[in-house]
Amino acid sequence: GAGAAPQRTGLTWRLPSPHSAMKALILVGGYGTRLRPLTLSTPKPLVEFCNKPMLLHQLEALRQAGVDHVILAVSYMSEVLEGAMREQEQRLGIRISLSHEKEPLGTAGPLALARELLAETSEPFFVLNSDVICDFPFTDMVRFHKHHGKEGSIVVTKVEEPSKYGVVVCEAETGRIHRFVEKPQVFVSNKINAGMYIFNPSLLHRIQLRPTSIEKEIFPVMAQDGELYAMELQGFWMDIGQPKDFLTGMCMFLQSLRVRHPERLHAGPGFVGNVLVDPSAQIGENCTIGPNVTIGAGVVVEDGVRIKRCTILKGSRIRSHSWLESCIVGWLSSVGQWVRMENVTVLGEDVIVNDELYLNGANVLPHKSIAESVPEPRIIM
Amino acid sequence: MLKAVILIGGPQKGTRFRPLSFEVPKPLFPVAGVPMIQHHIEACTKVPNMKEILLVGFYQPTEALSRFLVSAQQEFKIPIRYLQEYAALGTGGGIYHFRDQILSGGPEAFFVLNADVCSEFPLPEMLAFQQQRGDPPSFVMLGTTANRKQSLNYGCIVANTDTCEVLHYVEKPSTFVSEIINCGIYLFTPAVFQHIGEVFQSTQRELLLEESTNGWQRAEVIRLEQDVFTALAGRGKLYVYKTDGFWSQIKSAGSAIYANRLYLSQYSQCHPERLARSSPRGPTIRGNVYIHPTASVDRSAVLGPNVSIGKGVTVGAGVRVRESIILHGASLQDHTCVLHSIVGWDSTIGRWARVEGTPSDPNPNDPYAKIDSETLFRDGRLTPSITILGCNVTIPAEVVILNSIVLPHKELSRSFKNQIIL
């Protein structure tokens, strides 16, 4: 029936009734420089977050909420991304279009660029920042948006340090937004823009095809017009666009998994707290793994290894007796024996760390061999 | 017959060896598995006709010292006695004070060795050199080559290239004098006391004239280097025997690690049976490693190169130790990694902890480079150096201790880097 979740048959998803089918625009952006060195090898949407490409977390949740067409707004066109999206189209039973901006259009401009695609239907459409992870509230957003009937709804979330973000001042009961202040100097509110919106197609009249900031130019006007409403997000939220936050987001996501799908987490002797392990990974003897660890496909962890608060990407090897905390180990990398890595050390793709070294906050570019310790944080080119 | 005197100093000397010297007098600190001066004693007993070894210093006779004397005498089957100075009398004053004891029995000559040097001890060669020179028997100083810059830290010898007579001697000059430096190992005859006596007399006269404003200064403080050798130079009595064999001072913990390596390397040449070997049921051994027979080492551990494991030490599964000295009774738990460090007596290192120092080895590209007499601080910051854990230190699991010095009986609760922890 209407609003029912799509059912999965084999590899494709069966759509619910057509009238609830919606579109979504995901602002993917460019080179993903904040997540280097990982994004030197792979487009950011395809970097695995908790063993699933970042974009796929959003695509699957959108699909669940009845979206059948996703437009990816990219400023850097990647063949790899195109190929991966063709695969997902098949798998999810969803239409994926790529909208490529040849010059920077800001956070609102891409909507104008995709105008024709978005205005195909009269249904409201989603707009998301690609770096956002949370328990996606897409179905609730539709309900909230249709209830107030105005032009736009933004999801907001409470944070401890709001001045790093766009801050929202709104009415408690209705959620009507009075003011929208980008990175305020003084405390205004602790509710920030969580980077997920739902708009009526009429919004497109407000946006021209030129570099435009949705936060600075569009939202304040909509707020004045009384057309913008805020829905508060329940549960965790994180912008995982840089390594430190990627790891924090990972901890939050794994905790959410503990509540919703505890069977997906790994348990057993030598495992502590929330640990996600791909079935094809191999873990040696006398290891202590966790809390807050994600281990990707084909990873080999040798004997006597201690890992805490890390993401170990596909195909890597962690050799015996090493100790890792708060690290991201890039695909196909090899960490030697008796290595100590900590403090958001990030290894790019195919990095080799020799035995017995100490890496503290090292940021290592792909295909590098590390033969000397890095006792203080720095970039290894 | 011959004798040997080892100058072992006393507590006020050797402060650069703290905190290791809090537990045991520096001369007894284990290097390559045995107390520092045992290497001296062993070398002396290899000289034919060596009849007695005397230790001269101003340490109180502690239990450690007494026990050492007993065991050394048993092992080397030679009388060894400790002569305690009533005050710090200097490198010449001590032997002068005990000259009767040294000369009792009528030795033709006697060696004098500083305790805080690490050396090949070419004593028979020095003796042969002295005999070659003929009568009257000369005094011989062992010399080695340093590089220009580092020579300023030592006693510098200017010698006649043919006869090897010492023409000029300066202790720690401020400008370059010579690349040949004093190793702190000498061969004297009884006649040396006449010269020391002259210095003693003239110092005493000076003090009387000054009407001693410095009441604490003693006439009996005589320094061989500054007071005797400088006077003997150029008078046809003092000669230098140059050696290319290994030699290093042992002033700081960093130099103890270096000396450990030098002696372990000597074992591999002359006493390979003292070194550990890889075996299927035992730990993996790389390079030169000494393991005391009472130590217990897991077979999955990987040790070396240049590691000494002391009495009763426990080394757990998957432990890695390299370029380090692990002192008696210490315990290294599973998966720890110890590099360029000295782990003190009875200390414990928790699982997966990393204890790491920075070596201060001499420049390997310069054959004459010596270990730097390093300063603890440079530009207001602690210079990266060997990590030292004093006795009975507890390091918790999973932390890193880097370039730090931990004083004895300390229980740490977190990681430390580049710090002295009191």
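Modeller: A crossing is left-handed if the near helix is turned anticlockwise from the far one by less than a right angle, and right-handed if clockwise. Our model is predicted: local features need pLDDT of at least 70, side-chain atom pairs count only at 80 or more, and totals for chains, interfaces and linings use all residues. Residues count from 1 along each chain as written, chains are lettered from A and ligands numbered from 1 in written order, and side-chain values use heavy atoms, without hydrogens or water.

Biologist: So which hand is the crossing of H1(B) and H2(B)?

Modeller: Right-handed. H1(B) spans residues 36-45 and H2(B) spans 63-76; helices (H or I, at least four residues) and strands (E, at least two) are DSSP runs.

Biologist: How do their axes cross?

Modeller: At roughly 30 degrees, coming within 11 Å. The two helices are therefore roughly parallel (under 35 degrees).

Biologist: Which residues make the contact?

Modeller: H1(B) brings Ile37(B), Gln38(B), Ile41(B), Glu42(B) and Thr45(B), and H2(B) brings Phe68(B), Ala72(B), Glu75(B) and Phe76(B). Contact means heavy atoms within 4.5 Å.

Biologist: Switching to chain A: how many residues of H1(A) are buried?

Modeller: 10 of 11, along residues 54-64, where buried means under 20% relative accessible area (1.4 Å probe, protein chains only). Among them are Met54(A), His57(A) and Arg63(A). Just after H1(A), Gly66(A) has a positive phi of about 100 degrees.

Biologist: And Ser316(A), buried or exposed?

Modeller: Buried, because its relative accessibility is 1%. Ser316(A) lies in the loop between strands E22 and E23 of chain A.

Biologist: What does its side chain reach?

Modeller: The backbone oxygen of Gly330(A), at 2.7 Å. Ser316(A) also touches other residues, including Val299(A) and Trp331(A).

Methods:
Buried means under 20% relative accessible area, exposed over 50%, partly exposed in between (1.4 Å probe, protein chains only). Axes are lines fitted to C-alpha atoms, for helices over the stretch in contact, and angles run from 0 to 180 degrees between N-to-C directions. Angles under 35 degrees count as roughly parallel, over 145 as roughly antiparallel, 65 to 115 as roughly perpendicular and the rest as oblique. A polar contact is a pair of N or O atoms within 3.5 Å; within protein, one must be able to donate a hydrogen and the other to accept it, and residues adjacent in sequence count only if both atoms are side-chain atoms. Lists of a residue's contacts leave out its neighbours within four places in sequence.
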